[in-house]
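Take a look at the structure first.

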Number of protein chains: 2
Amino acid sequence: MFQNTKDSKTKLSELGEFGLIDHLTQFFKVKHTSTVKSIGDDAAVLNHDKHSVVTTDLLVEGVHFDLAYMPLKHLGYKAVMVNLSDVYAMNAQAEQITVSIACSNRFTVEALEELYSGITTAAELYNIDVVGGDTTSAIKGLTISITAIGQAKAEDITYRSGAKPNDLLVVSGDLGGAFLGLKVLQRENEVFKVNPNAQPDLEKYTYIVERQLKPEARKDIVELLMALEVKPTSMIDISDGLSSEVMHLCKHSKVGANVFEDKLPLDPMSISTCEEFELDSTTVVLNGGEDYELLFTVDQSDFDKIKANPNLTVIGHMTEQSEGIHLISRMNTKIPIKARGWNGMQEED
Amino acid sequence: MFQNTKDSKTKLSELGEFGLIDHLTQFFKVKHTSTVKSIGDDAAVLNHDKHSVVTTDLLVEGVHFDLAYMPLKHLGYKAVMVNLSDVYAMNAQAEQITVSIACSNRFTVEALEELYSGITTAAELYNIDVVGGDTTSAIKGLTISITAIGQAKAEDITYRSGAKPNDLLVVSGDLGGAFLGLKVLQRENEVFKVNPNAQPDLEKYTYIVERQLKPEARKDIVELLMALEVKPTSMIDISDGLSSEVMHLCKHSKVGANVFEDKLPLDPMSISTCEEFELDSTTVVLNGGEDYELLFTVDQSDFDKIKANPNLTVIGHMTEQSEGIHLISRMNTKIPIKARGWNGMQEED
């Protein structure tokens with residue numbers, strides 16, 4: 001899982017720019033009738049009969065990922081997830097992506113094939129057409145830019161701005177795992193640097209390591225909400241950590257929020273890893289990022305529809321804006337929530 | 001024109017990622033009714049009633065541009081043009097772009113403001129909404145990723161694949177200027193490195209330097225063709241040089257082509273600069289890139305509609321595929337056309 005063991009090393013220059021694009025995209029098959037023209041012209045042509053949703057994200061080596069512990073195949077998969085997650089956060093279904101790659105000549109054709117195999121796997125599993133992109137050289141490092149495009153009926157689209165006081169605040173899945181997986185990987189990488197013969201002992205951390213290396217965007221939650229006939233009043237995906245996302249919803253919806261510490265969903269492995277690293281689990285949930293879960297608000301009248309679902313946890317409710325944004329601790333004290341986010345925790349500034 | 005003389009130097013970290021996006025995009029105004037939701041949510045929401053056209057391009061410092069002679073404002077403008085050009089090459093009108101930037105901390109807030117002022121100017125002049133994007137740090141250099149989105153009626157869209165034998169091959173504007181402008185800028189930069197007090201003498205090269213630094217995508221040609229009631233049978237934009245683009249049209253349309261050397265449109269300044277640099281002007285037109293003119297084919301019955309237009313030049317015609325792709329020289333000899341393109345001329349391999 002952690003090493004690219006392919007032996008052959010074909011230099012990128014042997015294929016050339018055009019050869020490389022053809023080579024990497026030859027296996028992409030068009031799945032959607034809305035994809036009128038895919039790769040191979042000046043632009044892709046799409047025919048969306050509903051509203052289109054468009055989002056774009058850049059992933060930069062050394063800032064968003066470290067190839068010391070992120071295999072290229074996983075990176076490709078994750079780069080797609082990061083973008084699809086933004087489409088799902090609009091309550092829309094993603095249908096197309098474009099993929100642009102800039103990389104230095106330290107990458108071989110085989111390395112880019114690994115990267116694209118992750119992209120292709122993600123596209124297959126999430127029913128996405130890869131309709132365009134660009135491949136170019138760079139002086140240094142690897143940069144991936146993906147644009148994801150989806151569609152939804154106008155009346156189904158959820159914005160950050162629709163939450164009202166007394167709406168319930170709901171989160172999918174569990175939180176904090178991706179950040180803790182990163183901590184485990186970083187520790188193993190330090191061990192490896194000191195002793196390259198050491199075998200990483202990651203088996204007992206499988207779930208959280210996968211949360212970091214192979215996150216899943218919550219396409220299923222969009223489908224679930226549709227099936228439950230619940231339209232969120234607002235929605236956002238959790239990329240930077242719960243606190244920052246709650247603040248975004250509150251800011252755009254002009255409301256406040258109470259988040260209950262004892263309701264925050266953590267996997268047992270996340271809890272035990274927090275203990276091992278001597279980290280406060282609530283802090284990890286609030287400030288750790290990259291979980292790519294969906295955070296949304298629903299009207300109280302929808303509570304019965306969601307309350308029994310194991311994928312969904314009500315973690316609080318919205319309030320009047322003047323009441324502010326607070327964590328209600330297990331001790332029943334109100335602690336103001338401040339945005340720190342994932343970058344802050346990494347101390348990248 | 002060639003120096004960023006702003007004195008104030010605000011570090012990017014003083015604004016932070018979110019502050020920076022807000023800061024740089026605060027002046028973008030929505031112009032199109034098809035832009036339902038612009039910057040500020042997980043994704044933009046668009047409502048295209050026709051087919052959508054989507055294209056994306058990456059520009060990488062040290063590969064696609066050199067800040068030694070490319071002012072940031074011009075770079076922002078050009079980055080937009082490169083993408084719009086691909087939309088126009090589909091015979092569509094561009095309406096939205098997303099802009100993602102990765103840059104190292106050697107760039108100040110003021111530098112990014114310069115870059116975005118070029119992007120904003122381009123968006124204003126070409127009637128484009130900037131609907132999303134991403135701003136992130138990088139370990140080294142500056143990378144710009146733009147996705148452009150347009151729309152057109154299904155029946156108006158032109159692909160690379162529609163040319164037929166005997167169709168006329170037509171190009172807009174004149175060719176070779178952008179490459180020659182680059183040669184002039186590179187020469188002045190070498191002089192500057194030897195003698196930093198030397199003042200660049202660019203006045204007599206204004207046209208070709210502008211072709212390099214401030215290219216214009218041919219929105220006007222798409223409008224002109226619509227007004228003339230001419231639908232090209234195939235179309236591509238000239239980013240890599242005429243020879244490479246002719247070959248793309250021939251390959252996708254399964255035809256051959258004869259291009260007549262004495263019909264190639266060159267500006268007088270391009271001709272005199274070729275003489276000065278002892279370059280063959282035909283080679284420059286065939287292999288120099290970045291002119292961002294449109295190359296297209298029309299049925300012979302449309303000849304009367306386009307023949308008198310000073311913006312359009314018939315440079316040849318398509319043939320049966322078996323006849324191959326040739327330049328018919330002034331001496332009436334047939335010379336096979338091979339793709340080299342702009343990168344080849346730069347010897348970047």
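Chain B is superposed on chain A by a rotation of 180° with 0.0 Å of shift along the axis, at an RMSD of 0.0 Å.

The model is predicted, so local features need pLDDT of at least 70 and side-chain atom pairs count only at pLDDT 80 or more, while totals for chains, interfaces and linings use all residues. Residues are numbered from 1 along each chain as its sequence is written, chains are lettered from A and ligands numbered from 1 in the order in which they are written, and side-chain values use heavy atoms, with hydrogens and water left out.

## Where chain B meets chain A

Contact here means heavy atoms within 4.5 Å. By that rule, 56 residues of chain B touch 56 residues of chain A. The two chains bury about 4,300 Å² between them, and 55% of it lies on carbon and sulfur atoms. Three residues, B:Asp42, B:Val54 and B:Leu58, supply 16% of the area that chain B buries against chain A, more than any other three. Buried area is the accessible area (1.4 Å probe) that two parts lose on being put together, summed over both.

Four salt bridges are counted between chain B and chain A. The rule asks for a side-chain nitrogen of Lys or Arg within 4 Å of a carboxyl oxygen of Asp or Glu. There are also 21 residue pairs in polar contact between these chains, both residues at pLDDT 80 or more. A polar contact is a pair of N or O atoms within 3.5 Å; within protein, one must be able to donate a hydrogen and the other to accept it, and residues adjacent in sequence count only if both atoms are side-chain atoms.

Strand E3 (residues 51-60) of chain B gives the most to the side that touches chain A, with nine residues. Strands (E, at least two residues) and helices (H or I, at least four) are DSSP runs, numbered from the N terminus.

## Inside chain A

Chain A is divided into domain 1 (12-155) and domain 2 (168-346). These bounds come from an automatic or database domain assignment. The domain centres, taken over C-alpha atoms, are 26 Å apart. In chain A, 21 residues of domain 1 are in contact with 25 residues of domain 2. Together the two domains of chain A bury about 2,100 Å², 56% of it on carbon and sulfur atoms. A:Tyr69, A:Lys78 and A:Asn91 supply 31% of the area that domain 1 buries against domain 2, more than any other three residues.

The rule finds one salt bridge across this domain interface. Eight residue pairs are in polar contact there, both at pLDDT 80 or more. Helix H2 (residues 72-88) of chain A provides the largest share of the domain 1 side, nine residues.

## Salt bridges by name

Over all chains, the count comes to 36 salt bridges.

| Side chains | N to O distance |
|---|---|
| A:Glu61 and A:Arg106 | 2.6 Å |
| A:Lys78 and A:Glu290 | 3.1 Å |
| B:Asp41 and A:Arg160 | 3.6 Å |

Technical notes. Least-squares fit on C-alpha atoms with pLDDT ≥ 70 in both.
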